[in-house]
Amino acid sequence: MRLTVIGTGYLGATHAAAMAELGHEVLGVDVDPDKIEALSAGRVPFFEPGLPELLKKHVDSGRLRFTTDYDEAAAFATVHFVGVGTPQVKGSYAADVRYVDAAITELSRRAVGKHVVFGKSTVPVGTASRLQQLASLTVSERARQAREAGDTQAADALENTSIEVAWNPEFLREGLAVKDTLEPDRVVLGLQKPGAVCDGAGREAEPAAEAILRECFAPILARETPIIVTDTATAELVKVSANAFLATKISFINAVSEICEAAGADVTTLADAIGADARIGRRFLNAGLGFGGGCLPKDIRAFMARAGELGADQALTFLREVDAINMRRREKAVDLVKESFGGSLLGHTVTVLGAAFKPNSDDVRDSPALSIAGSLSLAGAAVVVHDPQAMETAKRVFPTLDYAPSIDEALAGTEMVVVATEWQQFRDIDPVHAKSLVKRAAVLDGRNCLPTAAWQDAGWEVTSLGRG
Ligand code: UGA
């Protein structure tokens, strides 16, 4: 099949390369010429394990190309995936849908024939049906104008043009994006209500999205991956509900972690014990500095904002608490470091290991690690940061911190170490060697990822979150 992928960030670039891997001819589209230049040269402009190899393979084979040109996109294929960003609106909880709107508008201004658009971006419920109306209106307006201008040929073609907007949410995790795209747990497809898709003459158009998606994902579906076909509102809600559930699970264990701290109990043992119950499950029960990144924090906020617009805000007030518990963990970590210095950080050096919001990523969006590094610095500490991958992205957001090129250099002469992202490199640190580098052997294990006994045996004072 020939298809386009509009938006080439984490989601889009991975989807484009994965679709080429499945055998399709793919054109990636983005408004950012720098990104397109990098991708066209086979370079991934962010860190995602496995993606550079896949991208290069298919750029070299010619099956994957990139462009900034919507004319080319509309002419190249009649199947389009949209994976543009939906960031949080500044000063509001709502999601900013201007980029999805722009993608649909640009396509609708150019498309001729029967096109199907699969939205993949995380959007407020109701977006797909609004976009369907936008697409249908744009096409019928073009048909009307062509007819008025006496361009019969164009008018006939546009009256037979339709754009079907379906929703196919994406559940990939950064760091595992390639695997999650090629081997998803499930495929969700949201279709428009009967009669919602119209051509340029206002006639009901035959829906084609389900058959096309099944063909597109044939190798994935052949492995008996479950596919859930539903309406667009449900598909949109599946995605935000999944992220809200994951965020709630993390904040649940972090709330219990606060109780463990007060009661002198151990949250990691507790998580193992409750997680052994299959109904609960151990995954996403790692207590620590909480969740960050470009998705979970903004998605729970956008979900609350949308619930408010729908008059159902009471249903999601608990997500405010989920958000608050999450942010409190960062404050707690900063307080523990302060306490360790008797209340004031002035004149002290603290090393923060980690800047990315999670390991195997260079993404620092809403990163608990970087947020803590920033708070410690603002409270007067001299902060040294090291991250195996996120140094450049972190420097752009927080240029005033000190960045050390290696773990050893980050530890040299420091008075306190905070492990803020659970990179394997940090788990593997030899506490005996590390002790020989520092001025004061104190560590805060913000992710409960260190072998505590080994560090204590080496003479470190270890503070953990939620462990007595
Ligand atoms: C998340 C979802 O997991 C994906 O399914 C979804 O597709 C994606 O958002 C999205 O909406 O695009 P991601 O943001 O890559 O994926 O990261 P996660 O692996 O979910 O981790 C989120 C945060 O939670 C990280 O900061 C991580 O450190 C934290 N976390 C995770 C915990 O604090 N404890 C845990 O037990 C698990």
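N360 is partly exposed because 19 C-beta neighbours fall inside 10 Å; the class covers residues between buried (20 or more other C-beta atoms within 10 Å of their own) and exposed (12 or fewer), with C-beta atoms placed from the backbone. The structure is a predicted model, in which local features need pLDDT of at least 70, side-chain atom pairs count only at pLDDT 80 or more, and totals for chains, interfaces and linings use all residues. Residues are numbered from 1 along each chain as its sequence is written.

**Partly exposed positions**

N360 sits in the loop between β9 (349-353) and α15. Helices (H or I, at least four residues) and strands (E, at least two) are DSSP runs, numbered from the N terminus. The phi of N360 is positive, near 60 degrees, in a residue other than glycine. D366 is also placed in the loop between β9 and α15, and its phi is positive at about 45 degrees although D366 is not a glycine. D366 counts as partly exposed because it has 18 C-beta neighbours inside 10 Å.

S377 belongs to helix α15 (residues 368-378). Its class is partly exposed, because 19 other C-beta atoms lie within 10 Å. Leaving aside neighbours within four places in sequence, S377 is in contact (C-beta atoms, placed from the backbone, within 7 Å) with V383, T400 and L401. E261 is in helix α11 and counts as partly exposed because 17 C-beta neighbours lie inside 10 Å.

| Residue pair | Apart in sequence | Apart in space, C-alpha to C-alpha |
|---|---|---|
| S377 and A73 | 304 residues | 47 Å |
| E261 and P451 | 190 residues | 19 Å |

**The chain as a whole**

The secondary structure of the protein chain comprises 20 helices and 14 strands. Its radius of gyration is 25 Å, close to the 23 Å from the globule rule for 468 residues, so the chain is as compact as a globular protein of that length. The radius is taken over C-alpha atoms, and the rule is 2.2 Å times the number of residues to the power 0.38. Along the principal axes, the C-alpha atoms fill a box of roughly 85 × 50 × 45 Å. Of the 468 residues, 49% are buried. Among contacts with a separation of 6 or more, 72% link residues 24 or more positions apart.

The largest nonpolar core contains 128 residues, and V352, I372 and V418 have the most contacts inside it. Such a core is a set of buried Ala, Val, Leu, Ile, Met, Phe, Trp, Tyr and Cys residues joined through C-beta atoms within 7 Å. Not counting residues up to four places away in sequence, V418 touches A333, V337, V350, V352, L353, I372, L444 and G446.

**Strands**

An open sheet of six strands has the order β11-β10-β9-β12-β13-β14, with parallel pairing. Two strands pair if DSSP finds at least two bridges between them. Three bridges join β12 (residues 416-419) to β13 (residues 442-445) in the parallel sense, and V417 has V443 as its bridge partner in β13. Between β13 and β14 there are four bridges, again in the parallel sense; the partner of L444 in β14 is T463.

In a regular strand the side chains alternate between the two faces of the sheet. In β14, V462 and S464 make up the covered face, whereas E461 and T463 make up the uncovered one.

Strand β5 (residues 114-119) is largely enclosed by the rest of the structure, because five of its six residues are buried. Strand β4 (residues 79-82) runs parallel to β5 and is joined to it by four bridges. The bridge partner of V79 in β5 is V116.

Key. Contact = placed C-beta atoms within 7 Å.
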